[in-house]
Amino acid sequence: MDLPQFQGEHRESLYWGTYRPHVYFGIRARTPRSLVAGLMWIGVKDGMYHMRHVCQDSDELNTYGWTQHNGRDFGHQVLVDQGLKLTTSFLKSKSEGSGYGGDWAVHIDVQTDKPELDNEMLRHGHLFFYLADESGHVLSLAGDNLDTDKNSLLASGSRSDIGDWQLHLKSKEVLELHYSGFRTPHIHNLSDLVQHNLGAQVRKFGQMLLSDSSEDSPNILVFQISERIPFKADIAFVSGTKVKTSKVKERVSRLTGASLTSLLQDKQTEFDVKFERCFNVADKLEPDSTIVGKAAIANMLGGIGYFYGQSKISIPENSSLRGHDNFISYWPAELYTAVPSRPFFPRGFLWDEGFHQLLIWRWDVHICLDIIGHWLDLMNIDGWIPREQILGSEALSKCSKLPEEVVAQYPSNGNPPTLYLVIRDLLDGMEKNKFTATESNGITSFLERAFIRLEAWFQWYNTTQKGKEMGSYYWHGRDNKVTWELNPQVSLQFSTFQKL
C-alpha cells in the first residue's frame, strides 16, 4: 500500500532482514531480486554426515528457533543438532558511508556438549556461508587463496540498490577456508549444488572440502569455514563501499570482534526491556514462563518473510480463459508477512495472518500495518484475496510434494477474514489510548486508505460465501463424495462468522 508512512526511513529501516524463514538462517532484502545470504552446516547423526540448510523435521534437530528478535535489526537464535550447538546472531547498522539499507553482521558461535568424545567426526565443525544474487550480478572473489589472518575480505560486488558492497570474515581462531562459485538463475537448490561439489571432492581426494574453484561469472559464492570445535566467527556485510568517505575499515571493525559482542549485548538488553514494557508480565509469570513468552514473540518476528512471485489461480470450468494445466498466473506481487510454520508452511496464509497480527501489533504497530497493507494489495477486482501465497521458486520448492490442486488457488474459496479482528483490536486500542499520537495518526491514515478494500473484501464474503441464515456462511471446497476421510479437507475453513 503506497502510503508515506511505509516509505522513506520506515522502508529503508526494514530493507535487510532475516526474511527467509524456510532456512535455519537466511538474510535477504525486501526487494524482488535480492542479494541473498544464508548458512549451512554439516551435522552428524548415526555416524553419518548430513547437510543442514532448509528447516525440516526430518533433520531431527534437538531444538532451533529465535530466543530474541525485534523484527527490525536484531535477532539471536539457538540451534542444537545432536551434540553440536550453534548460536547465530544478526545485527543491522546504519552509519556514515553506508549504502541504502545500511550494513549487517552475523556472529556464529560453534560449541559442543560432548567435548570428551574421541569421534573425529564430532571434533570439527564445517560451516558454509553463502551469498547469492537473484538478479544474476557477478560476485567477485577476494582471491584464490583466502587468508583472513592477513585480509578479512571474502567477496565484493555491486548493485543498483545499495551500491558497491564487501563481505568480510573475522575470527580469533585461524580458520581453514575453502570456496566454490556457481552460476545459476535459481537459488532454491543451493543445498544440492554444495553437496554435489563436496561429493566430487570426497570421491577424488577423500576430503570433505569445497573445490576452491568457480564457474565463470558466478552469482553464488559459498565459503566453507572449518575448525576444531569450539570456535567463533564474525561476518560483516558493508554497502556503499566505493564512496571515498565510506570508512570501510572502521565499519568492519565495528561489526566484528569485541565491538560486535557489545552491540549484541545492548540489543539483548533492549529486547528484554521492550518485552516487559509491551506485555508487563514480570509479576504475573514465573521466570521459565517468561522465557517461553520471549521465545514466542521472537519466533513470530523472526519468522517474518519477504516473498515475490505469482500465485497459481485455478480456472473455473465454465470460464472462457485458457491456461497451462487449468490454471493461470496471478500478477507478479510481493508479500511481507509472518508464516505459520518454518518447516511445514514457510509462506503466507491469509487466515493465520490475522492471529499473527494480534500479537505483532502489540510489539510494533508499524510492522503490523505494513504487513496488512501487503495482504490487501493482493486483492483482485472482485474483492477476493488468494488464501495461500506460494510466491517465488524457494516457496514453490517447499511445495514440491503437494498435489497441484492444493497449490492452485480457487477464486470461489476463501479463508475467515481474521484481519478484521486486528482492525477491531487497533480501533479499541486507540479508544483506550494505547498508542502514541504519531501511532494513532498512522493507524487512522492507514484505515482511511484501506477502507475501500476492506469494504470490497467484506462484500465479497457476503455475496459469495453467505449461508441460508442471515449472518451465516458455509463451507466451500468440500468434496462430499470422499468416504475415506472423517473430515474431508476444505478450502473455506469456517461455517459461521460474526459480522464486525
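Where is the place of asparagine 280? Asparagine 280 sits in the loop between H5 and H6. Helices (H or I, at least four residues) and strands (E, at least two) are DSSP runs, numbered from the N terminus. The model is predicted, so local features need pLDDT of at least 70 and side-chain atom pairs count only at pLDDT 80 or more, while totals for chains, interfaces and linings use all residues. Residues are numbered from 1 along each chain as its sequence is written, and side-chain values use heavy atoms, with hydrogens and water left out.

Asparagine 280 has a phi near 50°, a positive value in a residue other than glycine. With a relative accessible area of 45%, asparagine 280 is partly exposed; buried means under 20% relative accessible area, exposed over 50%, and partly exposed in between (1.4 Å probe, protein chains only). Aspartate 212 gives another case, with phi near 55°, again positive in a residue other than glycine. Aspartate 212 belongs to the loop between helix H3 (190-205) and strand S14 (213-214), and it counts as partly exposed at 32% relative accessibility. The backbone also holds a cis peptide bond, from isoleucine 229 to proline 230, with omega near 10°. Proline 230 lies in the loop between strand S15 (220-228) and S16.

The strands come next. Strands of a sheet pair through backbone hydrogen bonds, either parallel or antiparallel. Here, two strands pair if DSSP finds at least two bridges between them. An open sheet of eight strands runs in the order S5-S6-S7-S8-S16-S12-S11-S10, with antiparallel pairing. Its edge strands are strand S5 (63-69) and strand S10 (140-141), each of which pairs on one side only. Within this sheet, S7 and strand S8 (residues 103-112) pair in the antiparallel sense over 10 bridges. Helix H5 (residues 257-279) lies across S5, strand S6 (74-81), S7, S8 and strand S16 (231-239), and runs at about 85° to S7. Axes are lines fitted to C-alpha atoms, for helices over the stretch in contact, and angles run from 0 to 180 degrees between N-to-C directions.

Serine 89 is buried, with a relative accessible area of 4%. Its side chain is joined to that of histidine 76 by a polar contact of 2.8 Å. A polar contact is a pair of N or O atoms within 3.5 Å; within protein, one must be able to donate a hydrogen and the other to accept it, and residues adjacent in sequence count only if both atoms are side-chain atoms. Not counting residues up to four places away in sequence, serine 89 touches Gly75, His76, Ala105, Val106, His107 and Leu264, where contact means heavy atoms within 4.5 Å.

Another pairing joins strand S3 (residues 35-45) and strand S4 (residues 48-52), antiparallel over five bridges. Isoleucine 42 has methionine 51 in S4 as its bridge partner. S3 and S4 form a hairpin with two residues between them, and aspartate 46 in the turn has a positive phi of about 55°.

Now for the helices. Two packed helices are described by the angle between their axes and the distance between the axes. The axes of helix H6 (residues 287-302) and H7 come within 10 Å and cross at roughly 100°. H6 is therefore roughly perpendicular to H7; angles under 35 degrees count as roughly parallel, over 145 as roughly antiparallel, 65 to 115 as roughly perpendicular and the rest as oblique. Ile297, Met300 and Leu301 of H6 make this contact with His356, Leu359, Ile360 and Trp363 of H7. H8 and H12 pack at an angle of about 10°, with their axes 11 Å apart, and are therefore roughly parallel to each other.

Helix H11 (residues 419-431) has 13 residues that should span 18 Å at 1.5 Å a residue, and its end C-alpha atoms are 19 Å apart, which agrees. The expected span of a helix is 1.5 Å times one less than its number of residues. The buried residues of H11 include Leu419, Tyr420 and Val422, and their cover includes helix H7 (350-363), helix H8 (365-376) and helix H12 (437-464). Just after H11, asparagine 433 takes a positive phi of about 60°.
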